[in-house]
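This briefing concerns links between side chains in a protein model. Please have the sequence and the structure in view while reading.

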Amino acid sequence: MTVSSDTEWYTVTYSVPWIVHSVATAQDAINIAVAELGKRVAKASKAIRNADIVVQSARCNGCGSAVDVATVVSGEALVGLLLTVDVRSGRLEDSDTIARREIGPHVPDTPLTLVEATAS
């Protein structure tokens with residue numbers, strides 16, 4: 001029987017859609033989304049550390065410049081975020097599962113789409 005150590009740290013990145021209500025501008029929505037997700041991830045256990053939250057960007061097909069993924073319609077916004085955290089796990093293959101287990105309860109009904117998992 002092999003005993004695995006839970007002392008290794010792996011970096012896991014998720015794409016997270018965040019809905020913000022009652023905002024006037026995309027920048028307001030971004031500020032609120034980043035702050036709210038940050039507060040919730042901070043509540044996760046010690047198996048999660050070093051949360052980094054950035055706004056996703058998309059390339060304009062016409063000019064090629066990058067634009068933030070944030071849309072406001074009638075005061076309701078959808079902001080695309082990238083959440084990167086370090087996760088304590090015995091194996092890289094388990095880091096996604098552990099991160100979801102630790103973060104998921106703090107962001108109910110919010111999909112966490114795995115973008116990348118790597119050794120730290």
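The model is predicted. It contains zero disulfides, while a search of the whole structure finds six salt bridges.

**Cysteines**
- Cys 60 takes part in no disulfide, and its nearest cysteine sulfur, that of Cys 63, lies 3.5 Å away.
- Cys 60 is partly exposed, at 32% relative accessibility, whereas Cys 63 is exposed, at 56%.

**A salt bridge within a helix**
- Arg 40 and Glu 36 form a salt bridge in which the closest N and O atoms are 2.8 Å apart.
- The two residues, Arg 40 and Glu 36, are four residues apart in helix 1 (residues 26-42), which means that about one helical turn separates them.
- Arg 40 is partly exposed at 26% relative accessibility, and Glu 36 is partly exposed at 24%.

**A salt bridge between strands**
- Asp 86 forms a salt bridge with Arg 49, with 3.6 Å between the closest N and O atoms.
- This pair links distant parts of the chain, as Asp 86 is in strand 6 (residues 76-89) and Arg 49 is in strand 2 (residues 48-55), 37 residues apart.
- Asp 86 is buried, at 12% relative accessibility, but Arg 49 is partly exposed, at 35%.

- Arg 101 forms a salt bridge with Glu 102, the closest N and O atoms lying 3.7 Å apart.
- Arg 101 is exposed, with a relative accessible area of 52%, while Glu 102 is buried, at 16%.

Methods
Residues numbered from 1 in each chain as written. Predicted model: local features only at pLDDT ≥ 70, side-chain atom pairs only at ≥ 80, totals over all residues. Heavy atoms only, no water. Disulfide = S-S within 2.5 Å. Buried < 20%, exposed > 50% of the residue type's maximum accessible area, 1.4 Å probe, protein only. Salt bridge = Lys/Arg side-chain N within 4 Å of Asp/Glu carboxyl O.
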